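These are a colleague's notes for someone reading a structure of this kind for the first time. Please keep the structure open beside the text and find each residue as it is named.

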Amino acid sequence: MSTVDPQVPAPGDPLTEHPLLEGRHSDRAYSESLLAFVHRPAGRTWWVMLGLGLAGTALLTWAIGVTLFVGVGTWGNNIPVAWAFGITNFVWWIGIGHAGTLISAILLLFQEKWRGSINRFAEAMTLFAVMCAGLFPLLHLGRPWKFYWLVPYPSSLRAWPQFRSPLTWDIAAVGTYLTVSLLFWFVGLIPDLATARDTARTPRARFWYGVASLGWRGSARHWRQWRTGYLLLAGLATPLVVSVHTIVSFDFAVAQLPGWHTTIFPPYFVAGAVFSGFALVLTLLIPARKALGLEHVVTPLHLDNMAKVLLATGWMVTYGYVQEHFFAWFSANPFEMHATEAELFGPYAPLFWLQIFCNVGVPQLFWFSRLRTNVVVLWVASLLINVGMWTERFLIVVAPLSMDFLPSSWAAYRPTWVDWSLLGGTVAFFGTAFLLFLKYVPAVSVSEVKELQREVDASLQFRREQGTRPGGAP
């Protein structure tokens with residue numbers, strides 16, 4: 001009977017045949033490596049990137065100030081294109097925020113082991129993306145200081161919002177999503193904040209991490225209650241993946257405008273949200289993996305799995321494109337057919353074919369296993385997918401509005417410098433928030449990585465005790 005060394009991965013075991021962790025490390029080693037960037041002083045590169053992000057955020061502040069003091073007339077919006085960059089950016093950012101809930105909540109409920117090294121990136125990305133998304137509907141009101149008119153509350157004015165309007169539903173959907181995502185992110189952080197407290201090098205850091213960890217001591221009672229709460233929040237967050245972007249799609253689908261009035265929008269928007277969200281996770285994860293030295297916990301298997309998700313959701317988005325244009329042709333409605341022709345061959349054709357290249361063509365690279373683990377290909381592809389998804393949102397919003405029922409009311413839309421500044425400024429704000437997250441919070445779940453290492457060790461130990469051959473036969 002042959003034996004297997006417990007320290008050497010053996011083929012045939014799902015935890016070791018395709019390793020989610022490279023090498024064998026102790027709990028102390030994981031704590032030191034995953035918290036090294038948090039505890040050591042920031043380097044020059046981080047400060048330069050933070051400075052660029054703050055400069056972009058200053059531009060965002062300036063553009064917001066111009067919008068508030070001068071008005072939305074500084075935007076490129078016109079009649080009939082009353083919605084333009086503002087709603088385009090809103091839908092794009094909300095879609096990006098969906099990957100965090102999918103990776104963290106749904107994969108947690110399905111007990112997928114590969115989520116542990118990337119869920120923290122996705123959860124933080126969700127929070128920052130929803131913050132950016134919520135900015136645009138408020139500014140689009142024209143008088144954002146009266147936003148509370150959208151909220152149903154007992155008022156002496158007896159002025160209630162129009163409950164049949166999906167724009168009112170957005171308030172409840174996005175607010176609920178942000179609240180649950182924030183709770184889910186913070187609850188998952190508690191054990192790691194306690195680890196940061198115990199390994200902190202200064203009294204100030206020890207104090208603040210101690211306050212944030214809420215007195216966590218790692219007792220059996222703490223772990224039991226933490227797991228129960230974490231699973232309950234995951235169960236609450238899972239329906240939000242479907243509900244939030246479905247409600248966002250109703251902003252368009254319940255209208256009578258050609259190109260909007262279609263039942264494919266709810267599942268089409270949800271699939272596109274997951275698609276763009278996973279793409280941005282890869283965009284952020286790949287550079288951070290190299291800069292923070294996380295190759296031993298974010299392995300090629302993680303990249304391979306995420307590329308497969310991009311391929312699958314890319315095909316869902318492709319199906320949505322086919323159905324959207326097929327129904328426009330099959331309906332024989334002249335207005336719907338004209339909206340489709342304007343996208344395919346009209347003034348918006350270059351953007352449409354750019355969208356097809358980025359969202360349909362680029363994901364086909366991931367049929368090849370070598371490309372799924374090539375970090376350069378993955379990073380460039382993820383950038384192109386995000387460009388394609390923003391272009392898709394722009395076409396959905398602007399193209400039908402600019403050419404509606406009456407040719408006499410058609411008008412072209414041209415964004416102004418304020419529009420571009422708001423888009424670029426939110427990207428800069430997102431990047432600034434993400435840099436601060438990497439510096440002050442463990443980017444990878446330390447507790448889940450340690451737990452996974454114990455599962456790998458237990459699996460190898462069991463194989464050694466059983467004395468089985470790699471193929472499983474005695």
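1. Helices in this note are DSSP runs of at least four residues, numbered from the N terminus. The model is a predicted one. With that numbering, helix α1 covers residues 27-34, and both Arg-28 and Glu-32 lie in it. The two are 4 residues apart, about one turn of the helix. Their side chains meet in a salt bridge, at 3.1 Å from N to O. Arg-28 is exposed, with a relative accessible area of 63%, while Glu-32 counts as partly exposed at 45%.

2. How many salt bridges does a search of the whole structure find? The search finds 8. One of them joins the side chains of Asp-304 and Lys-308, again at 3.1 Å from N to O. Because Asp-304 and Lys-308 are 4 residues apart in helix α11, about one helical turn separates them. Asp-304 is buried, with a relative accessible area of 9%, whereas Lys-308 is partly exposed at 42%. Arg-372 belongs to this picture too: Asp-304, Lys-308 and Arg-372 are linked in a network of salt bridges.

3. Another salt bridge is formed by the side chains of Arg-197 and Asp-198, at 2.9 Å from N to O. Is Arg-197 buried or exposed? Arg-197 has a relative accessible area of 9%, and since buried means under 20%, it counts as buried. Asp-198 has 54%, which is over 50%, so Asp-198 counts as exposed.

4. On cysteines, the search of the whole structure finds 0 disulfides. Cys-132 counts as buried at 2% relative accessibility, and Cys-358 counts as buried at 0%.

5. Next, the open spaces. The largest pocket holds about 860 Å³ of space. Its lining has 34 residues, and Met-49, Thr-283, Leu-284, Gly-431 and Phe-434 lie nearest the centre. Helices α3 (44-70), α4 (85-96), α10, α15 and α16 (417-440) each supply at least two lining residues. The largest share, 9 residues, comes from α16. By class, the lining of the largest pocket divides into 26 nonpolar, 7 polar and 1 charged.

6. The second largest pocket has a volume of about 550 Å³. It is lined by 22 residues, of which Gly-134, Pro-137, Leu-138, Leu-150 and Ile-171 lie nearest its centre. Which helices each supply at least two residues of this lining? They are α4, α6 and α7, and α7 gives the largest share, with 7 residues. The classes here are 15 nonpolar, 5 polar and 2 charged residues.

7. The structure holds 3 cavities of 30 Å³ or more. In the largest cavity there is about 80 Å³ of space. This cavity is lined by 13 residues, with Tyr-268, Glu-324, Glu-343, Leu-395 and Ile-396 nearest its centre. Helices α10 (265-291), α11 (300-330), α13 (349-361) and α15 (375-402) each give at least two residues to the lining, and α15 gives the most, with 4. The lining of the largest cavity is made up of 7 nonpolar, 3 polar and 3 charged residues.

8. The second largest cavity contains about 60 Å³ of space. Gly-100, Thr-101, Glu-123, Thr-126, Ser-181, Phe-184 and Ala-237 line it. The elements that give two or more of these residues are α5 (98-109), α6 (119-140) and α7 (166-199). By class, this lining has 2 nonpolar, 4 polar and 1 charged residues.

9. A last point concerns a loop residue. Where does Phe-163 lie? Phe-163 is in the loop between α6 and α7. At 45% relative accessibility, Phe-163 counts as partly exposed. Leaving out residues up to four places away in sequence, Phe-163 touches Pro-152 and Trp-169. From C-alpha to C-alpha, Phe-163 and Pro-152 are 9.0 Å apart in space, and they are 11 residues apart in sequence.

Conventions. Residues numbered from 1 in each chain as written. Predicted model: local features only at pLDDT ≥ 70, side-chain atom pairs only at ≥ 80, totals over all residues. Heavy atoms only, no water. 1 Å grid on protein atoms, 1.4 Å probe; cavity = no way out; pocket = protein on both sides within 12 Å on 5 of 7 lines; lining within 4 Å. Points joined across faces, edges and corners; volume = space filled by probe spheres on them. Nonpolar A, V, L, I, M, F, W, Y, C, P; charged D, E, K, R; others polar. Disulfide = S-S within 2.5 Å. Buried < 20%, exposed > 50% of the residue type's maximum accessible area, 1.4 Å probe, protein only. Contact = heavy atoms within 4.5 Å. Salt bridge = Lys/Arg side-chain N within 4 Å of Asp/Glu carboxyl O.
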